[in-house]
Amino acid sequence: MAHTELNVRERRRIEDMLNAKMSVGEIAADIGRHKSTVYREIKRNYYHDEEIPYLNGYYGLNAQDYATDRRARRRKLVRLDQLRKAVITQLKEGWSPEQIAGRLKFEGQTNRVSHETIYAYVYGPDGQSRELARYLPNRRKKRRPHHSRKPRGLVFPPDRSIHERPDYVDGRETFGEWEGDLMIFERAQGKTNVASLVERKTRFAVLFRNNDRSTTHLMNRLMSVMERVPQPARKSITFDRGIEFRNWRKLKPGIGTEAWFCDPQAPWQKGSVENLNKRARRYLPRDAPVAAFSDRDMKSICDRLNGTPRKCLGWRTPTEAFREELMKLR
């Protein structure tokens, strides 16, 4: 199905249904759009007034105006011949879109564009037909998604490095410090995967299935699962730097859990969960039809793993060790 923009009638309908306190799911079903389309529409076209906050809200006609303005900005390089020619000339001279946009602003040009608009034009149909991408300093066939252009250092800041993690966590002295990872399966199994968590002191394992690898879905599911554990028993989780963990900031306000991150390409720094994954692969090989596994199936696998005596626990099982630690919290 071809992509079509929301029209003013749909936007007015969204406004009316929001005023009637209807959910986004109900609105999406009513206008025949996907929920994500409605969420995005409300977020992008929400009206804010700092001086008169009670006027804040979603208004259909305002939203239509905002969308029209954005489309006009995107099409500026198509509509304005002189501006387009100037931009293309500078691209061929080796200027970056940021340099072109900055120079137009510096010169006080009446018609100017942002670097994002130039990138959109270069990678759009008109720019591709002219092969303009070859003039960019960093040449790619298509522009990367916005989230993947952010430096990993900003997504996983230095103060969350495993080297900043308290020493008592390294020594497994305290209960409630976890490690987390994602178990991936063959492409034939689709996007379904399994998240693995292990408590460092007791080696108690938690496995749960995800239907996709999106960070929003994963973190929401993780918080839902970990909420069943008392807060003192979920102090922190150490992850690798996989992009599926980039919404880690939800953990602290959501369930009171800190997040720490291994160095890049250093999975051995979370050795407990790596060991868990190897043991879990006996029941969840890469070609396993994981999409067909129910929550009961996943619990059965966890029970097997947690019911096996461990030498590092003095031949207690992880379940026994975990229960002993929970009793101490009472």
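Start by selecting residues 97–106 and 115–123: these are helix 7 and helix 8, whose axes come within 8 Å and cross at roughly 130°. (Helices here are DSSP runs of H or I with at least four residues, numbered from the N terminus; axes are lines fitted to C-alpha atoms over the stretch in contact, with angles from 0 to 180 degrees between N-to-C directions.) That angle makes helix 7 oblique to helix 8, since under 35 degrees counts as roughly parallel, over 145 as roughly antiparallel, 65 to 115 as roughly perpendicular and the rest as oblique.

A word on the model: it's predicted, so local features need pLDDT of at least 70 and side-chain atom pairs 80 or more, while totals for chains, interfaces and linings use all residues. Residues are numbered from 1 along each chain as its sequence is written, and side-chain values use heavy atoms, leaving out hydrogens and water.

Now show the side chains of Pro97, Glu98, Ile100 and Ala101 in helix 7, which meet His115, Ile118 and Tyr119 in helix 8 (contact means heavy atoms within 4.5 Å).

Next, jump to residues 24–31 and 35–44. Here the axes of helix 2 and helix 3 come within 8 Å and cross at roughly 110°. That makes helix 2 roughly perpendicular to helix 3.

Which residues of helix 2 and helix 3 make the contact? On the helix 2 side, pick Val24, Gly25, Ile27, Ala28 and Ile31. On the helix 3 side, pick Lys35, Val38, Tyr39 and Ile42.

Definitions and conventions:
Helix = DSSP H or I, 4+ residues; strand = E, 2+ residues; numbered from the N terminus.
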